[in-house]
Amino acid sequence: MDTWVIVFLFVGVHVSCALAYDDGSGYSAFEDDEDSYARRYKGTPWCAPVKVKNGHVSCQTPRGEYYKNVMGTRCKIGCKKGYEVVGHPEIICMANKRWSGNYACREIRCPKLTMPANGGYKCSDGSYFNSRCEFFCSPGYQLKGDRMVMCMSNKAWTGRHTSCVDVEPPTIKCPSVKEKTAEPGKLTARVHWDTPEGRDTADGTLTDVLLKGRSPGSDFPEGDHRIQYTVYDRAGNKGTCRFSVKVRVRRCGRLSPPDNGYMKCDGDGDNYGATCEFSCMGGYELQGSTARVCQYGMTWVGSEASCSPMNINVGVRTAASFLDQFYEKRRLIFLSAPTAAHHHYRTQMEILQQAQCGIDLRHVSIVELVGVYPAQIGRIGHRLIHPGLALQLRLLLQISHNSYNMVLVDKHGTDKERYTFPVTAAELFTLIDSFPLRQEEMKLQQEAGQTCS
């Protein structure tokens, strides 16, 4: 009894050592010969047996074992005719007692056939291998191409593309010519019509209606517009009809801006409902209508506008009345000096005279105040200012008569800048061009092409 126990323990120790050095491949550090390997695995399948429906398998074991599913066995999957391998064509029995991949044999299938327009097809076995499909056409259509096709092993159908042909185009009738007049203040007219209906002579079915041009209910600009409708039947034949849409804009004829003035019109400038507004350059006063409107009868309401030079009244009693004449019309430069021989006065006058075009372009009038009361004189252009009015202007603008001064006043009567020494025309013009009102003037002058050469 004791001897059997000793043997059992010895064997137990031996097995546990062998397993400790087993790397999972079936090879042991204590049993490295082929016979030992066969004794351990023969009759001991490792993975589940390989079974392939509609196919076959070819396996190779690592050492030629009896069973074809021991660890390390490689199996190649094949399918019978009409079937293809899905998954892995080659699998290996792994240490986790599982095959390395999935596999199956699936029946070969061709792409689904395209249903011919105005026809169809019938197949013996759907889209599967060796299935035969026969095409047919609806009454009134002719078969074009192969009548019979078959699904081949390369997943392709035999034969050419098959279609059913309808050679007679559909018919369509368009509406009559449309004419529309634009509403006041608009350059477009909204035009409506009923969408024409087509009819197919074969089976009465239309697959598409295409419109070339603007759709009904759209705003059409002035002029003639070609509209085209095209209808298609199920066979691809087309029928077309065309008609015109004419939009008329009532016009009064274009006006011209007055000499020495500007004109700004809305709309297109002379269309029914358009308004044109007129204004004059600085130093000119508007005569006639400030705005004119184009009427339905294609005539302008109001009288012709013109711009006349300002009539400056130097006989007013107060300095405020004098300045009011220039409100929103002209900017003023006041030049003041104790004598006409003053060096700064003579230098500044020479600078301004040489820049006369830029002065006029910026709507500037120059007022000279020379001398000491009561011997002082005033002048604007070629018109003299009474000494009393000249004195009031100096007092109102707080200009000393004992020294040279130049004061720039904008079109709203605001004192913008004062100089006690001569400045260049460029410096003066840069300041004036920065005024907001001057920015608007420059846009109008640019549009009118008014520049200094």
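Colleague: Hi! Quick one to start: is Cys47 buried or exposed?

Modeller: Cys47 is buried, at a relative accessible area of 4%. Buried stands for under 20% relative accessible area, exposed for over 50%, and partly exposed for what is in between, using a 1.4 Å probe and protein chains only. Please keep in mind that this is a predicted model, where local features need pLDDT of at least 70 and side-chain atom pairs count only at pLDDT 80 or more, while totals for chains, interfaces and linings use all residues. Residues are numbered from 1 along each chain as its sequence is written, and side-chain values use heavy atoms, with hydrogens and water left out.

Colleague: Thanks! Which cysteine is joined to Cys47?

Modeller: Cys93 is the partner, in a disulfide with an S to S distance of 2.1 Å. A pair of cysteine sulfur atoms counts as a disulfide when they are within 2.5 Å. Cys47 sits in the loop between helix H2 (34-41) and strand E1 (55-60), and Cys93 in the loop between strand E4 (90-92) and strand E5 (103-107), so to speak two distant parts of the chain, 46 residues apart. Helices (H or I, at least four residues) and strands (E, at least two) are DSSP runs, numbered from the N terminus.

Colleague: And is Cys93 buried or exposed?

Modeller: Cys93 is buried, at 2% relative accessibility. The link of Cys47 and Cys93 is right-handed, with 95° about the S-S bond.

Colleague: How many disulfides are there by this rule?

Modeller: The count comes to 11 disulfides. Another one pairs Cys123 with Cys133, with their sulfur atoms 1.9 Å apart. Its S-S torsion is about 110°, so this disulfide is right-handed. Cys123 belongs to strand E6 (residues 119-123) and Cys133 to strand E7 (residues 132-137), so the pair ties together parts 10 residues apart in sequence. Cys123 is partly exposed at 29% relative accessible area, whereas Cys133 is buried at 0%.

Colleague: New topic! Which domains does the assignment give?

Modeller: It gives domain 1 (55-107), domain 2 (119-166), domain 3 (173-248), domain 4 (261-309) and domain 5 (319-448). These bounds come from an automatic or database domain assignment. The C-alpha centres of domain 2 and domain 4 are 77 Å apart.

Colleague: Which residues does UniProt list for "domain: Sushi"?

Modeller: The UniProt record, an unreviewed entry, lists residues 57-107, 108-166 and 250-309. Its positions are given in the numbering used here, feature names are shortened, and annotations may be inferred rather than shown by experiment. Residues 57-107 are 0% helix and 45% strand, with end C-alpha atoms 17 Å apart. For residues 250-309 the ends lie 36 Å apart, with 0% helix and 37% strand.

Colleague: Now pockets. Why does the largest pocket lie between domain 4 and domain 5?

Modeller: Domain 4 and domain 5 both give residues to its lining, so the largest pocket lies between them.

Colleague: What about the second largest pocket, which element gives the most to its lining?

Modeller: There H8 gives the most, with four residues. The lining of the second largest pocket draws at least three residues from each of domain 4 and domain 5.

Colleague: Last one: which residues of helix H6 are buried?

Modeller: In H6 (residues 387-397) they are Gly388, Leu389, Ala390, Leu393, Arg394 and Leu397.
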